[in-house]
Amino acid sequence: MHLIQVDSVQRWMEDLKLMTDCECMCILQSKPISIEKDEQNELILSSQYSTCDNLQLLLKRAWIISTELTRIAQKLEKNRWQRVHSMTVRVNCHVRSMINEYNTFTRSSSEEMHQLKKLLIDKCSEFTAFTERCLQTEDEEILKSMKSCVNETLTTVAQYFGQLIELVLTHEAQNLLRQIELSGSLYAMDSAISSLFSLAQEGAHLCRIIAKEGGVVALFKICRQDCFRCLYPQTLRTLASICCVEEGMHQLEKVDGILCLADILTDNSHSEATHAEAAAVIAQITSPHLTFTQHLSSFLENMEEIVTALVKLCQEASSGEVFLLASAALANITFFDTMACEILLQLNAMKILLAACSDKRIVDTPYSRDQVVTILANMSVLDQCASEIIQGNGVQLLMEMLFEKSSSGNPAEVAACERVQQKSAVTLARLSRDPEVADTAVKLSCIPRLIKLCRSPTERNNSDSVLVACLAALRRLAVMSPGGLEDSDFQQLVKPRLVDSFLLCTNMEESFV
C-alpha cells in the first residue's frame with residue numbers, strides 16, 4: 001500500500017509540471033504594477049535607462065530557448081516523448097515570457113515584428129498540443145508517422161524564433177544608433193554608446209548587425225567632432241569590438257577610418273586613454289588572425305605616422321594596460337607589412353621595448369611579454385637588428401623569456417607563456433646567425449636551458465611548437481659553438497633530422513612502470 005502511495009505521489013509531481021497553464025503565467029508576468037497614469041509613465045521612463053539590462057535579459061532568454069530547442073531535437077531522435085512534451089511546454093513558457101518582457105521595454109514595433117510574434121506564439125501552442133497528442137498515443141506506427149510532423153513543426157518554431165530575434169536585435173541596434181545620431185545630450189549619447197558596446201560584446205553576429213545598420217559610420221562621425229572628445233575612449237572601444245567582422249572593416253574603409261585613427265594617435269592634445277583605445281582599434285583591424293585585412297590599402301599610406309605614434313605611446317605608457325594595447329598594435333603591424341620592421345628600427349623601437357621590459361610596472365604580464373617578443377621575432381629577420389639586441393641586453397631578456405611560467409594556471413595565461421617561450425627561441429635562432437649574438441647566448445647558458453626545454457615536456461607545458469622552436473635554436477647555436485653540447489645531446493638533438501629529434505623528444509614522457 002505504501003509503495004502504491006509513493007508511486008502515485010511521484011506520478012502526480014511529474015504530471016504537475018505539464019499541467020502548468022502557460023498563458024496564465026505570462027499574463028501574470030506582464031501584468032502592470034499600477035494602472036495610475038503617472039506611475040505608468042514613470043515605469044516607461046525608467047525602462048529607457050536600463051536598455052542594456054533589458055537587452056541582456058532578452059539575449060539570456062533567447063539563449064535558453066535556443067538550447068531547449070536543440071535538446072528537444074535530441075530527445076525526439078531517441079523517441080523520448082515524455083521529455084519532448086515537458087520541454088515543449090517549457091519552451092512555450094519561455095517564448096511567451098520573452099515576448100512579454102520585450103513588449104514591456106520597447107516603445108514600438110513594426111508590423112512585421114508583430115506578425116512574427118503572433119506566428120511564433122501560435123506555432124508554439126500548436127507544437128505543445130501536438131506533442132501532448134503524441135503522449136496519449138501508444139501505437140508505434142502512428143507515432144512514427146507523427147514524428148515527421150513534430151520535426152517539421154520544431155523546424156518552423158526554430159525558424160520563426162530565429163527571424164524574430166534577428167528582427168528584435170536589428171530594431172534595438174537601430175534605436176541605439178538613432179539615439180547617438182539625434183541626441184543633443186552627452187549623457188544620453190554616452191549611455192547609448194555603452195549599450196551599443198554591450199551589444200557588440202555578445203558575439204560576431206551582433207557586430208554584423210550593428211555594422212550593417214551603420215554603426216561604424218555613426219561612431220566615426222563622433223570621433224571627428226571635437227565637442228565629443230570626452231566620448232572618444234568609449235566610442236573607440238566600441239569600434240574595436242565591431243571591427244572584428246568583415247562588415248565592420250568594410251565600413252571603416254569607406255569612411256576613411258584609418259585616417260581618422262592616425263589623426264587621433266598623432267594629436268598630442270588627446271588623453272592617453274583616447275590614444276590607448278585608438279591603438280586597440282589598430283590592433284583589432286591588423287590582427288593576423290583575420291583573413292579580410294587585404295583591402296586596407298589606406299593603412300599603408302598612414303603606416304609610418306601610426307607606427308611612430310604607437311612607439312611613442314609604448315615609451316610614455318603610464319600603465320601596463322596602455323603598453324599592452326600599443327605593443328599589440330605594433331606586433332600585429334609587423335605581421336601586416338615588412339616595411340614596419342624597418343620603420344621600427346629607424347625609431348629605435350628595439351631600445352624602447354627592451355627598456356620597458358625591465359620595468360615590471362609596465363610589462364607586468366605574459367601577455368605584454370608576448371607582444372614584445374613577437375615584435376623582436378619579426379624584426380630579427382633584419383641584419384641590423386643583432387647589434388641593437390646586444391646593446392640593449394636583449395639576449396639576456398630572451399634567455400629570461402625561456403623560463404616564462406604561468407603563476408595562476410589560467411588557460412589563457414598558460415597559452416601566452418607558451419607563445420613567449422616559442423617566440424623567444426625563434427628569435428634566438430634567427431639572431432644567432434650573428435657570431436656575436438651566438439657567443440653572448442652561449443655565455444648566458446642558453447644551450448642548457450634549450451636542452452631542458454627539449455627533454456622535459458613539463459618545462460614547455462607539453463607544447464610541440466615550443467619544442468620545434470627550441471630544437472631549431474639549439475641547432476643554430478651548436479653550429480656556432482659546437483663545444484657547448486655533450487655528446488649525447490648532440491647525437492639526439494642536433495645530428496638527426498629535425499623530425500627525428502622531434503619524435504624522440506615527444507616520446508620522453510616520464511614512465512612510472
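**Entry 1: Gln74 and the ground rules**

I started with Gln74, which sits in helix H4 (residues 51–77). Helices here are DSSP runs of H or I with at least four residues, and strands are E runs of at least two, numbered from the N terminus. The model is predicted, so I noted that local features need pLDDT of at least 70 and side-chain atom pairs pLDDT 80 or more, while totals for chains, interfaces and linings use all residues. Residues are numbered from 1 along each chain as its sequence is written, and side-chain values use heavy atoms, with hydrogens and water left out.

I checked the accessibility of Gln74 next. Gln74 is partly exposed, with a relative accessible area of 47%. Buried means under 20% relative accessible area, exposed means over 50%, and partly exposed lies in between (1.4 Å probe, protein chains only). I then looked from Gln74 to Val84. They are 10 residues apart along the chain, and their C-alpha atoms are separated by 9.0 Å.

**Entry 2: helix H8**

I moved on to H8, residues 186–200. This helix has 15 residues. From first C-alpha to last, H8 reaches 21 Å, close to the 21 Å expected at 1.5 Å a residue. The expected span is 1.5 Å times one less than the number of residues.

What caps the N-terminal end of H8? I found Ser185 there, with a side-chain oxygen 3.2 Å from the backbone nitrogen of Tyr187. I also listed buried residues of H8, among them Met189, Ile193, Leu196, Phe197 and Leu199. Ser195 and Ser198 are on that buried list too.

**Entry 3: the cavity**

I asked how many cavities of 30 Å³ or more the whole structure holds. The search finds one. For a cavity, I used a 1 Å grid over the protein atoms alone: it is a set of points where a 1.4 Å probe fits but cannot get out, and lining residues have an atom within 4 Å of a point. The largest cavity has a volume of about 40 Å³. That volume is the space filled by probe spheres set on the points, with grid points joined across faces, edges and corners.

I wrote down the lining: Leu58, Met98, Ile99, Tyr102, Lys117, Leu164, Ile165 and Val168. By class, it has seven nonpolar residues, no polar ones and one charged. Here Ala, Val, Leu, Ile, Met, Phe, Trp, Tyr, Cys and Pro count as nonpolar, Asp, Glu, Lys and Arg as charged, and the others, Gly among them, as polar. Helix H5 (81–105) and helix H7 (140–182) each supply at least two lining residues.

Gln115 is in helix H6 and counts as partly exposed at 39% relative accessibility.

**Entry 4: salt bridges**

Side chains of opposite charge can pair when their charged atoms come close. I counted a salt bridge when a side-chain nitrogen of Lys or Arg is within 4 Å of a carboxyl oxygen of Asp or Glu. The whole structure has 18 salt bridges.

I looked at Lys118 and Asp122 in this group. Their closest N and O atoms are 3.1 Å apart. Being four residues apart in helix H6 (residues 111–135), they are separated by about one helical turn. Lys118 is partly exposed at 48%, and Asp122 is partly exposed at 41%.

Next came Lys423 and Asp370, bridged with closest N and O atoms 2.9 Å apart. This pair links distant parts of the chain: Lys423 is in helix H22 (residues 411–431), Asp370 in helix H19 (residues 366–379), 53 residues apart. Are these two buried or exposed? Both Lys423 and Asp370 are buried.

Then I took Glu459 and Arg449, whose salt bridge is 2.8 Å from N to O. Glu459 lies in the loop between helix H24 (446–455) and helix H25 (464–480) and Arg449 in helix H24, so the pair ties together parts 10 residues apart in sequence. Arg449 counts as buried, at 6% relative accessibility. I also noted a network of salt bridges linking Glu68, Arg71 and Arg90.

**Entry 5: positive phi**

Last, I looked up two loop residues. Asn348 has a phi near 55°, a positive value in a residue other than glycine. Asn348 is in the loop between helix H17 (339–346) and helix H18 (349–357), and is partly exposed at 40%.

Ser445 has a phi near 65°, again positive in a residue other than glycine. Ser445 is in the loop between helix H23 (435–443) and H24, and counts as partly exposed at 38% relative accessibility.

Note on methods
A polar contact is a pair of N or O atoms within 3.5 Å; within protein, one must be able to donate a hydrogen and the other to accept it, and residues adjacent in sequence count only if both atoms are side-chain atoms. On a 1 Å grid over the protein atoms alone, a cavity is a set of points where a 1.4 Å probe fits but cannot get out, and a pocket is an open set with protein on both sides within 12 Å along at least five of seven lines; lining residues have an atom within 4 Å of a point.
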